[in-house]
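Please examine the sequence and the structure shown here before reading the dialogue.

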Amino acid sequence: MDLLDTLTAKGLRGEIPTREEALAVLATTDDELLDVVAAAGRVRRQWFGRRVKLNYLVNLKSGLCPEDCSYCSQRLGSKAEILKYTWLKPDQAAEAAKAGVAGGAKRVCLVASGRGPTDRDIDRVADTISAIKDADPAVEICACLGLLSDNQAERLKAAGADAYNHNLNTSEGTYGDITTTHTYADRVDTVQKAHGAGLSACSGLIAGMGESDGDLVDVVFALRELGSDSVPVNFLIPFEGTPLAKEWNLTPQRCLRILAMVRFVCPDVEVRIAGGREVHLRSLQPLGLHLANSIFLGDYLTSEGQAGQADLDMIKDAGFEVEGAGEATLPRHRADVAAAAEGGACGTGGGCGPCGGHGAPAVEETGADAGTGGSEDGLRSDLVRVRRRGAGTELAPNA
Ligand code: SF4
């Protein structure tokens, strides 16, 4: 297939495909699916071998957000019966993080709901970073606290944060359809603030919110342009009690095509399968490892993932290996870019919102790509399990 030969050759050289080529990946058929996975898998192995980076989420502050992101179970007016709690104390957060690190996580992601942190919140997170790094200095810390004000990124960097996550989530053209309380430009600004302060930029997307193929390609190209070092690819978890609760249109095949497209556009960047992995890829999760080089271990912010041990078993059974603390995630030339950013040479970055990835939007698909199963009311409570353990509870976390 000429398309895949071209994309593989470009990916192996670290070159970016054209917009038309990226769109063509999303338009491939189920008959071509394994060829698409094999082609993008070659690109993945070129830059990341068979390593899988594990990341662990600690939800520092859950629910009760004043923002209205329609995909999010923590949004203003959400009826989702999620855990709601205010800031965890540093020792509580460090205890939660320890479980993930013991399970093999290399990076701990500290996430808080809300529009953005106050300066007092930055102090709290700084204390939490210290508590985690005192226990294990090798742990990477990524903060995800929403929109940043001036100097907050610098303060997080000084406190020991390695990265900042703020997802663009969807294309600039459709951003106003999913959120009205802040703008796409606000998100870009925070990504740039984080990157400008020398934090590694983590910024990704959510697929399944009713966007077009063009929207998906637009946001991935925007993330590439922003210089995101890691790109979390979330698949909408349609939470009951949110506006997108009935948006069940993704299929495992569609998810794999999206991951392959992201890999071709971001050949040498950490591509992470984020929220919705179990819900939407289901039994095809192992194929996703041929495309992405990073996943979350265990549970998500407000929903449960599969058991952490099941994640580890899947990685081993599929012929991959967990990336160790001493191994570099990014290829050498990308690491050089990150180092240059620390010196202030690069003004771009990636970023997210407080929980950009575990809410619930959906994709418009029809025919062979349409979702399967489902109840008459359009909800899938059999697939979405609200988190009831770990941070903010008395129960041991899943890691
Ligand atoms: S994504 Fe973040 S800002 Fe938006 S509603 Fe959820 S917690 Fe609030």
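The dialogue below treats helix packing and then salt bridges.

Q: What kind of model is this, and how are its residues numbered?

A: This is a predicted model, in which local features need pLDDT of at least 70, side-chain atom pairs count only at pLDDT 80 or more, and totals for chains, interfaces and linings use all residues. Residues are numbered from 1 along each chain as its sequence is written, and side-chain values use heavy atoms, with hydrogens and water left out.

Q: How does one read the packing of helix 2 and helix 9?

A: Two packed helices are described by the angle between their axes and the distance between the axes. Helix 2 (residues 19-26) packs with helix 9 (residues 213-226) at about 130 degrees, and their axes are 10 Å apart. Axes are lines fitted to C-alpha atoms, for helices over the stretch in contact, and angles run from 0 to 180 degrees between N-to-C directions. Helices (H or I, at least four residues) and strands (E, at least two) are DSSP runs, numbered from the N terminus. Helix 2 and helix 9 are therefore oblique to each other; angles under 35 degrees count as roughly parallel, over 145 as roughly antiparallel, 65 to 115 as roughly perpendicular and the rest as oblique.

Q: Which residues of helix 2 and helix 9 meet?

A: From helix 2, Arg19, Ala22, Leu23 and Leu26 meet Asp213, Gly214, Leu216, Val217, Asp218 and Phe221 of helix 9; contact means heavy atoms within 4.5 Å.

Q: How many salt bridges are found in the whole structure?

A: Side chains of opposite charge can pair when their charged atoms come close. A search of the whole structure finds 27 salt bridges, each being a side-chain nitrogen of Lys or Arg within 4 Å of a carboxyl oxygen of Asp or Glu. One of them joins Lys53 and Glu140, with the closest N and O atoms 2.8 Å apart. This pair links distant parts of the chain, since Lys53 lies in strand 1 (residues 51-61) and Glu140 in strand 3 (residues 140-144), 87 residues apart.

Q: Are Lys53 and Glu140 buried or exposed?

A: Lys53 is buried, at 1% relative accessible area, and Glu140 also counts as buried, at 17%. Buried means under 20% relative accessible area, exposed over 50%, and partly exposed in between (1.4 Å probe, protein chains only).

Q: Where do Asp121 and Arg124 lie?

A: Both residues are in helix 5 (residues 119-135); being 3 residues apart, Asp121 and Arg124 are separated by about one helical turn. Asp121 forms a salt bridge with Arg124, the closest N and O atoms lying 3.1 Å apart. Asp121 is buried, at 9%, whereas Arg124 is partly exposed, at 28%.
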